[in-house]
Amino acid sequence: MRALGAPRLLIAPLHYLRIFPSPYFRTLSSSPLRLLVKLHYFSTRPIAGITPMAAASGERVTSDWFSVPDLRLRNHRFTVPLDYSLSDPASPKISIFVREVVGVGKEELDLPFLLYLQGGPGFECMRPAEAGGWISKACEEYRLILLDQRGTGLSTPLTTSSMSQFKSAEKLAEYLRHFRADNIVKDAEFVRKRLVPDSRPWTVLGQSYGGFCAVTYLSFAPEGLRQVLLTGGVPPIGSGCTADAVYKACFEQVVQQNEKYYRRFPQDVHIVQEVVKYLAESEGGGVPLPSGGILTPRGLQLLGLSGLGSSTGFERLHYMFERVWDPILVPGAPKRISFIFLNAYEKWLDFDSNPLYALMHESIYCQGASSSWSAHRIRAENESRFDATKAVKEGRPVLFTGEMIFPWIFDEMHALKPFKDAAHLLAEKKDWPPLYDVATLNNNKVPVAAAVYYEDMYVNFKLVMETTPQIAGIRLWITNEYMHSGLRDGGGQVLDHLQDWGEMHRTAAYSRSLARPFFTAAQGFCTSASKSGGGEKIVAAVLFERLPVVIPKIDPVVYAFQEFS
């Protein structure tokens, strides 16, 4: 690998030309276009960058390469401003950590860069232990960059211990205002300009909240983007605070997910009722948690946050309740909730290891307005359905809640108690800066492809369909084959699907030729059925120019393709 500043070749040699059948065309046998052509310039010259030895500069430190099975990795640390609006060199700085990942033997190939933005807010990027899933797929063609968003992982982590350094809630809240998508995008641009040869644009893959960040990227720094791939991550982009609309829509989806759970495990209706009754009748209205907090009936309902919205969530939730009670070893001993269950409960919620999620969650929906504890207010409007003790008395199933943060969590979760006052300040903060520029999105020129999950509990389908007509040129793949965790659960299939759509988008003539057989002048909507693996799939190709969107009934598995231009 050559050192920084070495002369560059002006023309990259063509390493190979690969032609392969696209998965899209396997579902459209009537299409005369059967092959998707991709040119991969995998040159043998070294990538511009730092020498392979551990090196340091004033704002960047790079490690040696190391290995996990079938992958090669190295780490980079960048020193960036806490507040990019301050030009003073002495202004506060933080560290941003990224991990560079390539397939074995590709360390020095001139590969295109793919930045992955993790879901959250407040969660670090994954730590690859081996090749597999979508990471293997990405490393076939890209130099993958895993970024710990500011405040997470190794990017100046904001933990329960590190945040205790602030002596007042006001100072902590002032510090935390810098940890939203606007600054995450600025960090990404800082990294791109110093890591990518010639500061070339890169592809961004945004999962969930990472997709929200990617749309912020499209709004304020589109020049840094080659293409954008979204998986379960199309945000509401309205002005003010959109949290109320989000929670009103999500409460309806949460009710449906509860109904599905209890149809799947009807025996759990009685078990959950029994636990709620036990908690309500316990001294203090709950039982102590291992870390020092308290488990109450409303706290128990928080298990729906993960249990109702991921592919294996129902099973994991059911297996937790299988071990909720201690066995009676001594005749006459009182009934007790097991330590195993209480410990699993705390680990399930992750508030102790990722407190930033609870502190910043509602702020991701705020532009120039406060959230004022939106989820708490919207729940109050639905309390007749979500009151756990009332449900037990009336013999109804107890409903779990979804992705919602309530103010009382900062009283009942031990790890969050020190940050209660700061949380209230953030909930009432009104002067949040903008996260999206609708005018820029309306005139977007960057290819965008999005996987939209029809039954997504976290990113509501109806709200997604309100946003997408505002992003010019976006292509949607709508499916109920996956839940919100489709990128993880689908191996490389979800990423492969989006890459194909992005490739077609980048070739304008190809896109026009593809559109002709499927465009319906009257509605812009066409469906066709195909057999795949013995199951029925409905394929829909939709082309819109910001027209109203009508989605047909989807059953059992759907692939819908849409373009807004």
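Trainee: What should I know before I start?

Mentor: The model is predicted, so local features need pLDDT of at least 70 and side-chain atom pairs count only at pLDDT 80 or more, while totals for chains, interfaces and linings use all residues. Residues are numbered from 1 along each chain as its sequence is written, and side-chain values use heavy atoms, with hydrogens and water left out.

Trainee: Let's begin with a helix. How many residues does α4 have, and what distance does it reach?

Mentor: Helices here are DSSP runs of H or I with at least four residues, strands are runs of E with at least two, and both are numbered from the N terminus. Helix α4 covers residues 181-195, which is 15 residues, and reaches 20 Å from its first C-alpha to its last. That is close to the 21 Å expected at 1.5 Å a residue; the expected span is 1.5 Å times one less than the number of residues.

Trainee: Which residues of α4 are buried?

Mentor: First the general idea: an α-helix has 3.6 residues a turn, so residues three or four places apart point the same way. Then the cut-offs: buried means under 20% relative accessible area, exposed over 50%, and partly exposed in between, using a 1.4 Å probe and protein chains only. Twelve of the 15 residues of α4 are buried, so the helix is largely enclosed by the rest of the structure. Among them are Ile184, Val185, Phe190 and Leu195, along with Asp182, Asp187 and Arg192.

Trainee: How do I describe two helices that pack together?

Mentor: Two packed helices are described by the angle between their axes and the distance between the axes. Each axis is a line fitted to C-alpha atoms, for helices over the stretch in contact, and angles run from 0 to 180 degrees between N-to-C directions. Angles under 35 degrees count as roughly parallel, over 145 as roughly antiparallel, 65 to 115 as roughly perpendicular and the rest as oblique. Take α4 and helix α5 (residues 209-220): they pack at about 70°, with axes 9 Å apart. That makes α4 roughly perpendicular to α5. The contact (heavy atoms within 4.5 Å) includes Ala181, Val185 and Arg192 of α4, and Tyr209 and Tyr217 of α5. By class, its residues are seven nonpolar, one polar and three charged. Here Ala, Val, Leu, Ile, Met, Phe, Trp, Tyr, Cys and Pro count as nonpolar, Asp, Glu, Lys and Arg as charged, and the others, Gly among them, as polar.

Trainee: At what angle do α10 and α11 cross?

Mentor: Helix α10 (residues 313-322) and helix α11 (residues 339-349) cross at roughly 150°, and their axes come within 10 Å. That makes α10 roughly antiparallel to α11. Gly313, Arg316, Leu317, Met320 and Phe321 in α10 meet Phe341, Ala344, Tyr345 and Trp348 in α11. This contact has seven nonpolar, one polar and one charged residues.

Trainee: Is Trp348 buried or exposed?

Mentor: Trp348 is buried, with a relative accessible area of 11%. Leaving out residues up to four places away in sequence, Trp348 touches several others, including Leu303, Ser306 and Gly307. The C-alpha atoms of Trp348 and Gly307 are separated by 9.0 Å, although these residues are 41 apart along the chain.

Trainee: Now strands, please. Which residues lie on each side of β9?

Mentor: In a regular strand the side chains alternate between the two faces of the sheet. In β9 (residues 143-147), five of five residues are buried: Arg143, Ile145 and Leu147 on one side, Leu144 and Leu146 on the other.

Trainee: Which strands pair with β9?

Mentor: Two strands pair if DSSP finds at least two bridges between them. Strand β7 (residues 93-103) pairs with β9 in the antiparallel sense over four bridges, and strand β8 (residues 113-117) pairs with β9 in the parallel sense, also over four. Leu144 of β9 is the bridge partner of Val101 and of Leu114.
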